[in-house]
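Biologist: Can you walk me through this one? I am new to reading models.

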Amino acid sequence: MKVGIIDLAINNLSSIRNAFRSLGAEVAIVSDSAGVASVSHLVLPGVGTFRAGMEQLRKRGLEEPLLTHATKGKALLGLCLGMQLFADEGTEGGRTAGLGILPGRVAHLRELGVTGRLPHVGWNEISVVRDNRLLPSNAQNPIVYFVHSYAFCTPVSSFVTSTTSYEIDIVASVERGNVFGMQFHPEKSQRSGLEILERFIKVTC
Amino acid sequence: MLKRRLIPVLFLRNGWLVRSESFCEYKNLGNPVAQVDRYNAWDVDELIYIDISSSDSEDHLTRGKLSTDQQGFSCSIFEVIDAVAERCFMPLTVGGGIRTLDDIQMRLSRGADKVTINSEALRRPDFIGEAAAQFGSQAIVVSMDFVRDNGGLQIYSRQVDCAGLSAGDWIREIENQGAGEIFLNSVDRDGRATGYDLDLIRLVMDKTSIPVIACGGAGSYDDFVELFEQTGVSAAAAGNIFHFREMSYILAKRRLIEATVNVR
């Protein structure tokens with residue numbers, strides 16, 4: 001097991017690297033296709049706009065290696081913008097095609113009906129909506145840290161594993177095969193988040 | 001439902017943790033990193049570090065080096081970010097002396113989630129827009145210092161002349177530029193422990209649709225309750241009350257829960 005964190009130059013890598021290290025995982029920062037190929041567990045973090053994220057992925061020639069990683073059934077975890085990039089398209093920074101790993105689009109929370117203060121920032125409870133491998137299985141819903149103005153929308157709910165409520169239900173996490181995504185930041189969610197990351201590194205692939 | 005946040009704020013001056021009063025009296029509290037383990041153990045919602053070293057006379061990029069010349073345990077903001085990011089898995093906001101996109105990049109890449117921008121935004125409002133476009137609005141907090149002026153609110157800055165600046169116009173401007181949050185500091189209440197300036201905080205809340213973190217004036221746990229009950233702020237921030245009292249953060253949370261404020 002080796003965790004690779006994709007370097008998009010616009011994201012906060014240290015926190016994610018430190019979180020995995022604290023769990024005893026071997027961690028590498030990867031920025032090319034050879035790097036991606038060398039790891040079993042790949043993490044796509046994200047800070048910034050959808051458009052900037054996709055541009056960085058393509059500029060670094062990482063789109064194909066990332067898709068290959070997912071197709072082979074190796075473990076892939078998208079965090080925040082990283083999860084959003086799995087969608088077919090996004091609108092942040094201009095309409096942009098996404099990775100198309102999961103069906104759906106990414107839209108602004110205002111467009112989805114949120115009238116309150118944005119970004120949606122702070123600690124919010126997530127409701128687990130189906131069996132999954134990363135979220136805790138006990139009755140207590142985890143409280144995790146969110147900071148975002150855009151959300152993943154999908155016509156297919158079968159891979160949505162949890163939602164959070166901020167006037168509307170927002171997709172909080174997804175899972176299909178060994179592809180996982182989280183709108184919140186497990187690396188910033190104290191113990192609740194570290195437990196989730198610990199389950200991710202235990203995914204066999 | 002989204003929880004309301006309670007945030008310790010740590011002020012750094014020339015590499016030392018300090019307390020501040022009315023934005024000008026400073027008392028050295030020692031090594032900023034030593035505090036980290038305590039906040040980690042307290043499971044705080046978020047941490048804010050603000051570097052208040054005078055940025056007029058120093059090149060903010062070399063401030064890190066200044067501190068290492070001193071004896072003892074002082075730390076640059078970068079050493080603080082490294083130390084916090086290594087041990088704490090909680091949201092971290094840092095501010096002070098940020099003037100360029102590189103300044104932001106250096107802080108975010110080391111483990112900060114958000115930066116606060118103050119003087120440079122006043123000098124050049126477009127900087128907020130540029131920063132939001134590159135790093136996303138969620139990473140850009142605009143810090144706003146205010147004083148009471150004839151019952152109204154006047155933006156305050158030591159670096160930039162704000163005499164003609166209407167608070168309402170300024171709030172609209174930063175929101176349009178793409179700021180993700182407002183960190184609102186009362187200069188009059190800073191270090192006074194007489195409670196938050198609720199009227200003026202409400203005034204700001206009415207003028208903006210982005211989340212507001214209020215700071216300045218907390219002297220008792222009931223001040224937090226009052227702030228949350230009487231205004232729509234997303235977060236209460238405070239410095240001194242957390243530095244000088246044992247278990248203060250935990251006790252404050254307990255008080256908020258007793259008062260049925262929606263906190264973690």
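Modeller: Here are the contact between the chains and a few backbone details. This is a predicted model, in which local features need pLDDT of at least 70, side-chain atom pairs count only at pLDDT 80 or more, and totals for chains, interfaces and linings use all residues. Residues are numbered from 1 along each chain as its sequence is written, while chains are lettered from A and ligands numbered from 1 in the order in which they are written.

Biologist: New topic. Where is the cis peptide bond?

Modeller: It joins A:Leu118 and A:Pro119, with omega about 5°. A:Pro119 sits in the loop between β7 (105-108) and β8 of chain A.

Biologist: And what is phi of A:Glu167?

Modeller: Near 70°, a positive value in a residue other than glycine. A:Glu167 is in the loop between β11 and β12 (168-176) of chain A.

Biologist: Why does A:Glu167 count as partly exposed?

Modeller: Because A:Glu167 has 14 C-beta neighbours inside 10 Å. A residue is buried if 20 or more other C-beta atoms lie within 10 Å of its own, exposed if 12 or fewer, and partly exposed in between; C-beta atoms are placed from the backbone.

Methods
Helix = DSSP H or I, 4+ residues; strand = E, 2+ residues; numbered from the N terminus.
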